[in-house]
Amino acid sequence: MKSVANNIAIRIRGLMTGFDDHIVHNNLDLDVYKGEILGVVGGSGSGKSVLLKAIIGLIVPRAGTIEVLDQDMSKISLEKQGEFGSRWGVLFQDGALFSSLTVGENIQVPIRENMKLSREIMDEVTFLKLSFVGLKPEVAFKYPSDLSGGMRKRAGLARALVLDPELLFLDEPTAGLDPIGAARFDALIRELKEALGLTVFLVTHDLDTLHAVCDRVAVLYDGRIVVAGPLKDVKRFDHPWVQDYFNGPRGRVLAD
Amino acid sequence: MTAVKPEIGLSGSAGKMALSLTGDWFISNAPRMDKCLKSTPSPAGKDVTIDASAITAFDTFGAWLIFRLLKQMEAGAKSVSVIKLNPQLQRLVKSMSAHDVSPPAKPIEVGFVEKRLKALGWLTAAMCSHYGQLFAFIGFVLVRSIKALRHPKQFRLTSLVFHLEEVGFNALFIVGLVSFLIGAVIVNQGAIQLRQFGAEIFTVDLLAISHLREMGVLLTAILIAGRSGSAFTAEIGSMKIREEVDALQVIGLNPVDVLVLPRLMALIFIMPILTFFADLMGILGGALMAWNMLDLSFEAFFTRFRDATLMTTFYIGMIKAPFFGAIIAINGCYEGLSVTGSAENVGQHTTRSVVQSIFMVIVLDALFAMFFTAVDW
């Protein structure tokens with residue numbers, strides 16, 4: 001089983017999650033392969049973000065197993081959990097920057113926790129990562145409350161990327177960005193993935209992102225993954241919701 | 001991850017310079033990489049060859065430093081050629097030119113004294129504008145209240161009833177308990193002091209006057225400021241940051257009518273009732289303590305109580321109650337509506353609402369004391 005798991009970054013089997021008497025996921029299976037960008041789509045409230053939170057350990061599943069980088073998340077020790085902090089990066093929906101720190105200090109938090117670098121080098125890394133996500137270096141001295149939603153998201157991504165993690169989780173990365181910004185974001189994710197062999201788990205609503213970025217797409221419906229595969233296969237999958245989603249008026253525009 | 005240290009090997013002959021890069025070019029090795037870069041001599045007028053075949057691993061920061069090395073070489077060398085660069089790394093290094101921005105100047109940091117002075121200036125300005133706006137808000141609320149009185153049908157009765165339950169009924173327990181205990185404490189301490197000159201019976205006078213006139217209503221006001229004033233700020237503040245207040249305005253509803261007036265009316269109406277309840281519980285606590293400590297029967301206690309208390313003492317406490325309620329409600333709602341931006345701001349305004357309310361209640365209480373003394377009550 002270990003040998004099979006080797007090219008799998010995230011392996012979910014029989015996942016069940018829920019709040020009170022409301023069940024979000026029921027018997028959900030999903031594999032994310034190393035070095036791929038997997039896009040998870042689903043209707044509003046279908047539990048896409050909950051799935052992401054379950055994988056990174058913020059929500060405790062009721063049943064099932066989640067293995068991330070060959071580590072069973074339910075049996076993870078506290079030390080190991082700290083180590084994972086530098087192996088994965090997470091971009092939350094609104095960036096989740098620490099409001100009492102400047103953007104630059106925010107980006108340096110993972111560095112400070114994991115290694116000892118001089119101020120000069122940390123600043124250099126900060127400016128580089130800000131430029132990576134398309135922000136001016138001056139932004140480093142501002143506080144999150146002075147930034148727009150799109151800028152906060154970019155700064156959040158810079159923080160998630162600062163240690164070049166193996167795994168990147170993105171929760172609606174392009175929501176709230178203008179089309180130009182969103183396209184640049186897509187290109188950035190693609191570029192990073194190709195240069196660093198990043199594995200990306202991406203929750204999105206954005207059909208453009210799915211087309212531009214994702215190697216595979218997984219459709220979450222009714223608490224399970226109904227289909228997962230390359231976009232062109234998923235589009236042909238015979239399921240009413242999938243057909244509605246990809247071949248509805250908005251999906252068709254893309255095909256043209 | 002720090003297995004192989006990055007190195008730059010240097011060799012070469014006249015007019016030529018060969019660099020070989022080895023090791024893991026990771027961010028965790030950044031200090032060493034930086035040192036290597038800085039110790040690489042100037043390539044002035046030489047043909048530089050960079051051999052990258054022995055780089056075992058790299059990340060984006062490593063790529064950035066290789067880019068910096070290239071730039072450093074290109075600045076002086078006659079020619080620079082890179083050989084055996086991993087195609088992935090080559091792409092990454094190439095893409096770095098887009099990120100080659102000069103670091104910005106840090107914002108100027110002012111000196112300690114200057115900083116404090118500036119803060120003091122801002123604070124003064126903020127205080128002035130705060131009180132100016134608060135009075136403007138009181139005026140606006142008054143205007144809307146008069147309008148509401150003239151069109152009572154438009155008044156939000158459901159909302160009023162909801163807030164009455166919230167600030168009134170649900171507060172009964174804590175107000176009653178605190179008053180009961182304070183009444184008992186006044187009698188307990190008063191008895192100890194007055195016993196020294198055999199005037200224990202005056203403990204009843206002490207309790208009657210202090211509790212009915214000041215303690216009952218003040219305690220109630222302070223509890224309500226902490227309990228309901230803060231809740232008003234937090235409720236309205238979170239509505240403000242979720243743009244619910246803007247939505248009200250756009251729909252054509254006045255936020256003051258919808259959010260402030262029901263809360264204000266509820267507190268003005270409920271404060272005298274809570275104060276009356278606090279008076280009763282305080283006296284009950286005092287009576288029990290007198291019975292326990294002084295062996296004073298309930299009959300004796302209440303006979304003495306009736307003789308010691310003028311109706312005006314009771315009225316003075318009750319008259320103040322609706323004014324305190326109004327101050328707490330207006331402060332709470334004003335702070336709630338002043339919230340801007342983030343959730344952090346809600347917390348700041350909630351704190352300020354409570355502190356301001358208690359402060360203003362006590363100031364007003366002092367003014368009332370002066371007034372009642374002047375009119376000989």
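Helix H2 (residues 48-55) of chain A lies across strands S1, S2 and S4 of chain A, running at about 115° to S1(A). Here helices (H or I, at least four residues) and strands (E, at least two) are DSSP runs numbered from the N terminus. Axes are lines fitted to C-alpha atoms, for helices over the stretch in contact, and angles run from 0 to 180 degrees between N-to-C directions. The model is predicted: local features need pLDDT of at least 70, side-chain atom pairs count only at pLDDT 80 or more, and totals for chains, interfaces and linings use all residues. Residues are numbered from 1 along each chain as its sequence is written, while chains are lettered from A and ligands numbered from 1 in the order in which they are written.

The strands of chain A form an open sheet of four, in the order S2-S1-S4-S5, with antiparallel pairing. Its edge strands, S2 (22-33) and S5 (71-72), each pair on one side only. Strands count as paired if DSSP finds at least two bridges between them; S1 (residues 8-19) and S4 (residues 63-68) of chain A are joined by five. One bridge links A:Met16 to A:Ala63 in S4(A).

Next comes a pair of helices. H4 (residues 103-114) and H6 (residues 149-161) of chain A pack at an angle of about 25°, with axes 7 Å apart. They are therefore roughly parallel to each other, a label for angles under 35 degrees. Residues in contact (C-beta atoms, placed from the backbone, within 7 Å) include A:Val103 and A:Ile107 of H4(A) and A:Ala155 and A:Arg159 of H6(A).

Notes:
Contact = placed C-beta atoms within 7 Å. Parallel < 35°, antiparallel > 145°, perpendicular 65-115°, else oblique.
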